[in-house]
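Visitor: Can you walk me through this one? I'd like the sheet, a helix pair and the chain contact.

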Amino acid sequence: MSKIIACLDGSPGTHTVCDYAAWFSHKLNAPLELLHVIDSPKAQAPQDLSGAIGFGSRETLLQELVELEERKGKIEIEHGKVLLEEAEKYLLNKFNLKTYGFQRRGSLLETVISLEEDIRVLVMGKHGTQTELRSDKIGTQIENVVRAIYKPVLVTASPFQPPQSFLVAFDGSPTARKCIEQIASSPLLKGLAAFLVYVGHPSQEMQNQLSWAKQQLESEGFTVTTNTLEGEVDKSIMSYAALHQIDLVVVGAYGHSKIRQFFIGSTTTRLINRSTKPVLLLR
Amino acid sequence: MRGQTSLGIPIPMFSNIKEQWFSNIRGDVLSGMVVALALIPEAIAFSIIAGVDPKIGLYASFCIAVVISFFGGRPGMISAATAAMALLMTTLVKEHGLEYLLAATILTGIIQIIAGYLKLAELMRFVSKSVVIGFVNALAILIFMAQLPELTNVTWPVYAMTAAGLAIIYLFPLVPKIGSLIPSPLVTILVLTLVAITLELDIRTVGDMGQLPDTLPVFLLPDIPLNLETFNIIFPYAIALAAVGLLESMMTATIVDDLTDTSSDKNRECKGQGVANIAAGFMGGMAGCAMIGQSVINVKSGGRTRLSTFCAGIFLLILVVFLSDWLKVIPMAALVAVMIMVSIGTFNWNSLKNIHTYPLSSNIVMIATVAVVVATHNLAYGVLIGVLLSALFFANKIERYLSVQSTLDNTGNTRTYVVKGQVFFSSADKFTTAFDFREALSKVVIDVSQAHFWDVSAVAAVDKVVIKFKREGTEVNVIGMNEASQTMIEKFGVHVKPDALDQLGKH
């Protein structure tokens, strides 16, 4: 069964993540699950540089390490439980939504990949605990996760606002066309005003592409406004979104290889960085 | 679902490097130093075992530690020149010389890389816990025995020095504060060296054992004729070295896995060992592998990532090249004390304590492994014997799961035999003798539908029974043969499905 999964880590944006996850859960009529991943490093043993090994050192060492990690592990589980319980209570009070919280050990990436089949939409905060509120840096995990799974990922930001409208960044690439088809066929964004935006020099080819996209969406009952902008992709899209009070930005994420990104950077990453709106990444 | 295992996941390269190299910098650098200090006496001692200059072992230890830190599959494990490998080289060095050893080292590396690509690490599942314990204990005994030449026909100061050295190693860590900050083997070496110099004792020193490194290692090709004759000389040694090296590396990797509660990539480790040995061979070093004692010391000192292994190699080189004049005056007694410590620390003492509680067959496997190794000085033979014995004991246990019960019908003319359990080469005779051929009957029914026929011996046994009854004039009807022989390994395609066990149970 597909579920909305919200990743919680106790960072300041936790409530926003819950809010958006609840909104999607309502919209898609899908159950919401809250995930807390324990990926902290192993406990540090006390430094013993004596370098001597004697009778049963291996066994003693193993026993010491097990005890240390056991204590640390218990605290981590407890901490995560409190976090999940609070989130569950918050969602129950605010949205009257019953949710299920669960914990996993390992890296977030591994966990998300192993859960991929069950995921309908993954909701994550923009900032992890490690990149707290430094707006120039997105959470270290987001890009890795988005690249690894083929399910929609919502990166939340700013205070929650129930989305009324959304903007699709459209460049005519195969990724973007897929993205349009996905939006058209899914109940995810039904009933929201759609803004179809292309950034670049207008050309006949582009006009054709845009009208194709518009038609795709309109045939599924969307109200569509199209527009062509000039300038840098991320900046123009963001100022357009601010101007039209758009609540959600949708992009086809990471269409290019990692190698290419290494040299010329990724529009997607820049967009997430700059965005004051939540960004829905489709693959 | 894609990429469930830790290997298949497209983990981003950079975060991986950070995790495997720089997630524990302080602990790794410090433990690297401790390990480097302990590697010096070991490398010298193992060079002496192999019959080469100490610099061969020291260069090897440096090369292997540094290269394996990049190419290995088990972060935090220490590899260098080892006793297990050194013991196998002795005759090669004696009969053909150093250059052939270097060539054999390179060939060992090539074989290990091939083993890595063939995923031979997976064969380790046939090596039972008892064999592993036997291997480790045998290794500890070999390391200890290798010290005996230094302790026989020597003057009393040598014994006194060795005993004092052991006392310092084990008592110094008990000193509050500094005891856990300064490696006690280092203290031992310093104290014994000072004593030997001040008292002007006439005892053997490291300098007497051969040449020490005075320069950085340089790339060189072994000076040997490249022909089939050379290959025939070095190949048997290389095969043995590759096998023992991989065995010890895999076992050490498992020990480090357990201690740190993390997983390792064993096949990558095989390839890494290969690359490291090739590098060692070209840098004038002898073949090596992972070290159990040093890896335990590394984990105990706080080392966890590749950085610890890398630091151990680099510190070793710095110490050796810049302190070689000082290394020369270290009395051999100090090294012997350190090596006895390594031997004690490597030995699995719990195995002696548990010998009463373990089943006899496990103890026999363990002791046989140790005995064969001590007799042959080749750990591979010990493991081979251990694995064979384990397999035989296992077959012996499984053959007990066979029962043949029979009932005579009301008329007294037909007897039905019901066979349940495992029929294979080992239990085939038991199966055959369970039938009473002397009983004069007109008809016999053999119901084998609840038996599992594992091999050709089992099928042949049924044929034999049928023929025997026929010769007695009894009509034989075998039922359920198809279901039973479906379990024959060759046709046994169900083992990949989760309900394989249920299907087995249905017979």
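Guide: What follows covers those topics in turn; note that this is a predicted model.

Visitor: Start with the sheet. What is the strand order in chain B?

Guide: The order is β3-β4-β5-β6 in chain B, four strands in an open sheet with mixed pairing.

Visitor: Which strands are at the edges?

Guide: In chain B these are β3, residues 402-408, and β6, residues 475-479; each of them pairs on one side only.

Visitor: And how much twist from one strand to the next?

Guide: The average is 15° from one strand to the next.

Visitor: In which sense do β3(B) and β4(B) pair, parallel or antiparallel?

Guide: Antiparallel, over seven bridges, with β4 of chain B spanning residues 414-423. Two facing pairs can be named: Leu402(B) is opposite Gly421(B) of β4(B), and Gln405(B) is opposite Val418(B) of β4(B).

Visitor: What holds strands like that together in general?

Guide: Strands of a sheet pair through backbone hydrogen bonds, in a parallel or an antiparallel sense.

Visitor: How many residues lie between β3(B) and β4(B)?

Guide: Five, and the two strands form a hairpin. In the turn, Gly412(B) has a positive phi of about 80°.

Visitor: Switching to helices. At what angle do α7 and α8 of chain B cross?

Guide: Roughly 145°, with the axes of α7 (residues 156-171) and α8 (residues 184-198) of chain B coming within 8 Å. The crossing of α7(B) past α8(B) is right-handed.

Visitor: Which residues meet there?

Guide: From α7(B) they are Met161(B), Ala164(B), Gly165(B), Ile168(B) and Ile169(B). Across from them, α8(B) brings Ser184(B), Pro185(B), Val187(B), Thr188(B), Val191(B) and Leu192(B).

Visitor: How do the residues of the contact of α7(B) with α8(B) divide by type?

Guide: Eight are nonpolar, three are polar and none is charged.

Visitor: Now the chain contact. How many residues come from chain A and from chain B?

Guide: Chain A gives 29 residues and chain B gives 41 residues.

Visitor: Which helices of chain A supply at least two residues each to the side that touches chain B?

Guide: α2 (57-95), α3 (108-115) and α4 (140-148) of chain A. The largest share of that side comes from α2(A), with seven residues.

Visitor: What is the makeup of the side of chain A that touches chain B?

Guide: That side of chain A has twelve nonpolar, nine polar and eight charged residues.

Technical notes:
Residues are numbered from 1 along each chain as its sequence is written. Chains are lettered from A and ligands numbered from 1 in the order in which they are written. This is a predicted model: local features need pLDDT of at least 70, side-chain atom pairs count only at pLDDT 80 or more; totals for chains, interfaces and linings use all residues. Two strands pair if DSSP finds at least two bridges between them. Axes are lines fitted to C-alpha atoms, for helices over the stretch in contact, and angles run from 0 to 180 degrees between N-to-C directions. A crossing is left-handed if the near helix is turned anticlockwise from the far one by less than a right angle, and right-handed if clockwise. Two residues are in contact if their C-beta atoms, placed from the backbone, lie within 7 Å. Ala, Val, Leu, Ile, Met, Phe, Trp, Tyr, Cys and Pro count as nonpolar, Asp, Glu, Lys and Arg as charged, and the others, Gly among them, as polar.
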